[in-house]
Amino acid sequence: MNITIEVNNRTIQAHKGDTILEALNRNGIRVPTLCNMTNLTPSGACRLCVVEVEGRDTLVTSCSHIVENGMRVMTHSPRVVRARKTLVELLLANHPDDCLYCERNGFCELQDLAAELHIRERKVLRKSFTQKLDLSSPSIVRDPAKCILCGRCIRVCDEVQSVSTFEFVNRGCNMYVGTTMSRDLNFSSCIGCGQCVLVCPTGALHERQNFAEVMDALSNPDLIPVVQIAPSISVSVATEFGLKASKDVNKLLYNALRKIGFKYVFDTAVAADIAAVEMAAELIARKGNGNNLPMFSSCCPAWVKFVEQWYPDYIPALSAVKSPQQVMGSLIRNYFAAENEINLSKIFSVSVMPCLAKKFEAQREEMTTRGLSDVDTVLSTRELVRLIKLYGIDIQGIEPQHPDKPFNIRSSSGKLFGISGGSAEALARVVYHKLTSKELNDSKITEVKIISGVKAFSFNAAGQTFTFAVVNGLKNIHSILPVLMEGDVKLDYIEVMACPGGCVNGGGQPYVHEDKYVKLRTKAIIEIDEAEGIKCAARNPLVKAIYDDFLGETGGEKSKKFLYTRYSKREVLL
Amino acid sequence: MSKAEKIEEILERYSYLDSKSLIPILQDIQSELGSLNEEAIVLVGQRLNLPTSKIYGLATFYNQFKFEPKGKNHICLCNGTSCRLKGAKWNMVYLEENLKLKNGQTTRNGQFSLEVVTCMGACDHGPVISINEEYYREVDPEKLKHIINDLTQE
Amino acid sequence: MARCDSKAELAFIKDAVVPNLHYGVWPTEVSDKFSALRHERVRQPVIYVGVTTSSIVAGALKTKMAIEQYLDDYAVDADVICVGSHGLCSLEPIVEVQIPGKTRVAFTNVTPDRVNSILDGVLNGFIQPEYAIFQYHSEIHEPWHGIPFKNELPFFKRQNRLLLKNAGILCPDSIAEYIAYGGYSALAKAIREYTFDDICRIVEESGLRGRGGGAFHTGAKWRKALQVATSDRYLICNADESDPGGFMDRLLIESDPHKVVEGIILSSYAVSASKALIYIRDRYKVSIQRIQNAIEQAYEVGLLGYDILGSGYSLDVEVHKGPGAYVCGEETALIKSLEGKRGMPTIKPPYPAEFGLNGKPTVINNVETLANIPEIISNGPQWFAAFGTEGSKGTKIFSINGHASQTCWVELTFGEPLATLLDLAGGVKDGRTFKALHLGGPSGVSVTADELDAPIDFDELPRRGISLGSGGVQVLDNTVCMVDLVKYFMHFIRNESCGKCIPCREGSNRMYQILDNISKRPVSNEGHNTLERFKGVIQLETLAEVMRDTSLCGLGQTAPKPILKALKSFRDEFEEHIFDRKCRASVCRDLRTFYIDIERCKGCTACAKKCPTQAIYGTPRSSYFIVEERCIGCGICQDTCKFGAVFFK
Ligand SMILES: Cc1cc2nc3c(=O)[nH]c(=O)nc-3n(C[C@H](O)[C@H](O)[C@H](O)COP(=O)(O)O)c2cc1C
Ligand code: SF4
Ligand code: SF4
Ligand code: SF4
Ligand code: SF4
Ligand code: FES
Ligand code: FES
């Protein structure tokens with residue numbers, strides 16, 4: 001606190017090097033922003049954050065200007081408010097009046113701005129919107145008519161995800177956001193991570209809805225709707241129901257899903273446990289023969305698609321074990337159905353995921369059993385919330401319940417799959433346990449430094465050293481790959497999560513605009529892990545039972561058949 | 001030589017392949033092939049290690065780059081302030097109405113393409129157009145009609 | 001246009017001249033050579049053809065071919081030399097002839113068919129005075145009879161050609177000629193006598209301000225870049241010349257490229273830049289060729305490259321071809337473009353002088369600004385500061401076109417009234433009525449007759465609501481519709497805006513729509529349409545202010561200027577469009593009202609059949625009439641009528 005500035009005739013304190021916006025926010029003054037993004041350099045495109053600074057000829061964008069001692073700022077003078085209002089009116093002049101039917105109705109930043117600036121008169125109405133809806137991707141729908149060209153999707157895809165699917169095309173009044181050669185998304189390099197959807201302020205980008213299919217299935221008496229719910233969801237939805245952010249509502253969700261009409265409700269974390277056990281076997285085997293090391297995680301389908309597109313050479317290095325969603329899907333069809341003597345085609349298997357790439361993964365042809373997809377349909381967290389609201393369920397007023405057998409007990413490491421570093425941790429625990437029959441705890445783990453931006457740790461088990469690295473957010477893959485290619489660093493396992501922070505920040509999660517919420521979700525998962533007893537997947541009695549009962553041994557014939565998959569090179573416009 | 005080979009040859013000429021040489025490379029490719037296309041973008045992207053979306057976005061930003069091949073007769077129409085004052089607009093209207101030709105487009109039969117440019121410094125005798133580097137001055141729709149007719153008959 | 005200098009000549013310049021440039025006194029061997037390069041005495045006829053972008057459109061290359069053909073046909077020994085432009089664009093192609101013993105004389109409008117008769121005459125000592133326009137002054141040669149001297153012509157007399165003193169005279173492709181006319185001596189002097197800091201100081205003292213439109217103090221900008229501690233700095237010469245109606249920089253480069261190169265070297269030295277880049281639009285082929293050749297020659301004689309003139313200072317100059325976008329004239333967008341990105345401006349601060357190309361301090365200057373530097377160094381800051389006004393020193397180059405009697409390219413001292421521009425252009429073409437003078441292209445304003453006394457001055461003009469812009473000037477006569485003109489500029493802006501920020505992208509689009517609405521005939525009079533027009537016009541002023549206040553870069557900030565000024569100076573014209581649905585200049589085609597001349601109409605029914613709205617009634621073989629309410633002003637009837645009976649008001 002070494003600078004004072006004057007805002008709206010009141011003195012406030014600011015840090016040196018703060019932008020005006022940061023100083024204002026810290027002092028409880030809000031100015032609207034559209035193009036500003038946490039952790040990225042300001043682009044200054046939207047101009048909504050303008051404020052009046054004494055001595056300046058024009059208005060100044062607060063997101064990009066650094067505070068100076070003694071600066072006098074007006075944040076809501078008539079001149080500023082009129083400017084902001086005009087800017088939003090200009091956007092609306094070019095916007096379909098479609099709120100009532102819009103995906104983002106109620107969550108739209110443009111709508112909020114219009115309300116906040118009290119826009120009550122339509123200055124102009126553009127008559128036709130010729131841009132066409134892009135429905136080609138299984139994960140993401142693009143509605144260019146609603147795009148306000150803020151550029152956030154472009155930046156997140158480029159600067160955070162290093163995928164660069166989108167870029168501005170053309171210039172001036174003809175500019176739009178498009179892919180290479182303006183092709184549809186399914187021809188593009190998009191990996192479906194959905195980060196762009198999270199940052200898009202309007203309905204221009206949203207998930208592909210699978211809501212209707214689920215509703216149909218629920219009301220179809222011939223089908224048995226079964227649902228699995230991913231580990232990160234229970235800590236992500238609380239705010240949507242007016243509860244304290246990050247409150248774990250797992251057990252309430254089971255009840256809610258049953259109330260909606262699902263016959264069976266399972267926890268994907270159990271599948272994560274099984275996947276961890278399988279991957280441990282796979283890793284130990286690879287370590288034994290030295291092939292395809294380091295092993296890359298494959299539980300993030302966006303990452304898998306990334307490898308298939310850019311680094312097909314690394315495909316053999318991907319773990320061949322299916323992702324927890326697909327493991328669960330396969331077990332539901334092949335094990336649960338037989339157990340309960342249900343005709344497998346009668347099962348309608350739904351999964352609720354924090355991720356849009358999972359919608360793509362569920363459709364992959366590799367992931368089928370006798371011509372049926374292992375998972376029929378994937379709902380995003382946001383769709384789940386909508387479903388609960390649609391069925392009029394008051395989450396605060398229902399009883400906690402437990403998931404159904406045979407997938408009702410999980411270890412706490414299954415839950416860890418929801419955060420970055422979680423699958424590496426879970427795997428380490430199993431590997432250690434497998435080789436030493438003991439529990440891995442923090443004292444046996446040493447952090448190692450390989451390169452900045454990538455966490456790594458190692459531990460010793462049965463005379464072998466295992467080194468695991470955690471790539472958090474796709475951008476960081478570009479710092480680790482060169483190191484790998486040079487071969488200086490010996491790594492055994494690399495966990496890659498496409499979304500920064502892992503699934504708690506997945507593309508299907510509720511819209512939040514501060515990364516504080518993502519941190520809270522992460523903390524909640526870590527707390528669950530700390531509080532619980534069964535920390536290692538291998539010690540989950542249920543996992544043992546399923547192997548005894550059905551799968552046989554890890555890496556065995558049945559495991560191979562039901563839990564393993566393969567990937568292949570993918571040709572898209574990179 | 002195939003297109004890809006030509007592009008490779010152009011890329012050979014550059015000692016540094018980074019985004020700074022992107023514009024000159026695209027300029028060379030366009031002057032060699034007449035226009036850019038998907039193949040060129042993909043190849044350049046691979047060699048410069050740039051996402052194709054960035055290259056496509058860049059190319060569509062600038063007036064120079066075209067994705068439609070140039071017509072047999074490439075019309076440069078000056079719409080600089082001076083020529084505009086003298087009626088360049090009506091020439092554009094003429095081309096649009098009669099050849100369905102707008103800035104940056106090529107007619108379906110590949111005969112004509114149009115590029116609207118700014119001042120050529122010959123404003124005195126505007127409106128000025130050039131067709132394949134041949135200059136015409138004081139062009140009005142009537143004169144344009146004759147010019148076009150002559151060219152079509154050739 | 002092969003380069004003029006032979007290998008031997010370049011070697012001579014490199015070995016005998018360049019090392020001694022700073023002395024300025026020459027052994028006879030060199031001064032004889034210089035005299036020959038200046039063509040003081042010629043042994044055989046020399047024919048100079050002005051070849052520049054503008055004269056090429058006028059046919060200069062064909063003329064040159066015709067001349068060569070003539071010389072061939074008649075086996076005449078003569079040198080043919082390409083020169084730049086005198087600025088008399090309307091009179092191009094201009095050919096000058098110098099025969100032994102006589103002064104150099106200039107002929108205008110030398111089309112190929114005139115070549116024979118002109119050369120037949122002049123080579124035999126005979127001139128048709130109607131073709132010749134001026135002759136050069138010379139102490140040692142016999143003048144032609146009845147031809148005015150160049151400096152007597154009002155066109156030249158009223159100018160102050162400091163930067164253009166070589167333009168049209170020397171061969172732009174010859175470094176030898178440039179040096180013979182005193183070129184590169186400023187560079188030699190600076191490197192010998194001044195430190196970086198000295199030059200900055202001199203330029204600061206001279207009061208030079210940027211000619212690119214922003215009018216920044218050049219010295220101060222350099223100083224800022226010098227103050228950043230780093231080993232890498234860049235200098236960029238902004239030759240993108242993006243004003244759609246201007247050609248100042250291009251003709252300067254094409255007429256005297258070495259002056260620009262010298263300016264670039266000097267300025268780079270002043271900011272101790274390790275590299276200089278010239279950003280010039282790819283379409284300006286002739287300019288690119290000339291400047292590239294000049295750079296190569298400078299390298300060849302040791303004025304560029306490693307250890308220039310033994311100073312220990314090294315510099316590389318690169319030419320970058322801009323792929324064409326108006327906004328790339330803006331500094332930060334230009335840098336983006338050089339970095340191989342979309343030319344979208346970035347936020348300032350940081351300013352390029354601190355954080356520019358590759359994150360290094362970068363000085364960006366306009367071509368003309370840089371061309372001033374050699375003169376300032378040669379003659380000292382006081383000499384320069386003596387020209388002009390309190391805040392605006394030196395001269396400014398303008399290109400004048402539009403409805404000017406003659407399209408021209410001139411250099412005027414600051415402080416002269418705007419009216420001089422009109423005078424130099426010979427007034428309005430074809431004796432039509434003067435309406436306004438438009439300065440500064442799409443971000444400039446139209447000046448009315450009673451404002452023409454305003455002095456050309458960076459500070460005084462803005463006080464009167466006028467902006468000088470970068471030197472493009474259009475004379476407007478009364479056939480110009482102001483609504484249409486500002487609509488044209490807004491159309492330009494909405495296409496050329498980079499699209500990044502909302503006020504500029506959406507604002508310009510909206511403004512264009514509003515203007516388009518008022519220059520269009522509404523489909524119906526009632527309801528929505530009229531309301532739209534009405535609302536729109538009220539909105540114009542708010543929009544303009546918000547655009548100025550909130551746009552990211554200069555393009556958006558200045559884009560509403562033409563509209564605001566036109567609304568003030570030509571309000572009646574706007575009102576006519578809005579309320580009376582009339583365009584007095586008949587430019588807004590949709591607002592024309594058509595009538596049928598009873599006398600001429602033969603009642604052939606042709607027009608009535610073609611009319612898309614069935615607005616034409618009558619009985620065959622007697623006169624027809626047009627129902628005004630139905631007419632949409634498409635003009636088809638006029639095109640159809642074989643008897644010229646349809647007219648409009
Ligand atoms: C939209 C826009 C277009 C511009 N175009 C040019 C141009 O074509 N040539 C130029 O020299 N400066 C142009 N400028 C001004 C430059 O940004 C910059 O101010 C100038 O090159 C600085 O040089 P100076 O100080 O020598 O004038 C333009 C500015 C804007 C905002
Ligand atoms: S994007 Fe927002 S403003 Fe636009 S239609 Fe949807 S809800 Fe309404
Ligand atoms: S889903 Fe991910 S990869 Fe696809 S465009 Fe959005 S951010 Fe980029
Ligand atoms: S799609 Fe959304 S995030 Fe992307 S530019 Fe448009 S409004 Fe912004
Ligand atoms: S003012 Fe216009 S040109 Fe400048 S950054 Fe904004 S949109 Fe781009
Ligand atoms: S948030 Fe500051 S310009 Fe967009
Ligand atoms: S405006 Fe067309 S040549 Fe100058």
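This is a predicted model: local features need pLDDT of at least 70, side-chain atom pairs count only at pLDDT 80 or more; totals for chains, interfaces and linings use all residues.
Visitor: How many residues does the contact take from chain B and from chain C?
Guide: Chain B puts in 38 residues and chain C puts in 52 residues.

Visitor: And what area do they bury between them?
Guide: About 3,500 Å², with 52% of it on carbon and sulfur atoms. On the chain B side, B:F61, B:T81 and B:L85 supply 19% of the area buried against chain C, more than any other three residues.

Visitor: What's the salt bridge count between chain B and chain C?
Guide: The count is 4 salt bridges. One of them pairs B:D124 with C:K429, and their closest N and O atoms are 3.5 Å apart.

Visitor: How many residue pairs are in polar contact across that interface?
Guide: The rule finds 23, counting pairs with both residues at pLDDT 80 or more.

Visitor: Which parts of chain B supply at least two residues each to the side that touches chain C?
Guide: Helices α2 (22-33), α4 (52-61), α5 (81-85) and α6 (88-99) do, and so do strands β2 (112-117) and β4 (134-136). By class, that side of chain B has 16 nonpolar, 13 polar and 9 charged residues.

Visitor: Switching to chain C by itself, what's its secondary structure?
Guide: Chain C has 26 helices and 18 strands. Its radius of gyration is 28 Å, close to the 26 Å that the globule rule gives for 649 residues, so chain C is as compact as a globular protein of that length.

Visitor: What does the C-alpha trace span along its principal axes?
Guide: About 95 × 65 × 40 Å for chain C.

Visitor: What share of chain C is buried?
Guide: Buried residues make up 63% of its 649 residues. As for contacts in chain C between residues at least 6 apart in sequence, 70% join residues at least 24 apart.

Terms used. Residues are numbered from 1 along each chain as its sequence is written. Chains are lettered from A and ligands numbered from 1 in the order in which they are written. Side-chain values use heavy atoms; hydrogens and water are left out. Contact means heavy atoms within 4.5 Å. Buried area is the accessible area (1.4 Å probe) that two parts lose on being put together, summed over both. A salt bridge is a side-chain nitrogen of Lys or Arg within 4 Å of a carboxyl oxygen of Asp or Glu. A polar contact is a pair of N or O atoms within 3.5 Å; within protein, one must be able to donate a hydrogen and the other to accept it, and residues adjacent in sequence count only if both atoms are side-chain atoms. Helices (H or I, at least four residues) and strands (E, at least two) are DSSP runs, numbered from the N terminus. Ala, Val, Leu, Ile, Met, Phe, Trp, Tyr, Cys and Pro count as nonpolar, Asp, Glu, Lys and Arg as charged, and the others, Gly among them, as polar. The radius of gyration is taken over C-alpha atoms; the globule rule is 2.2 Å times the number of residues to the power 0.38. Buried means under 20% relative accessible area, exposed over 50%, partly exposed in between (1.4 Å probe, protein chains only).
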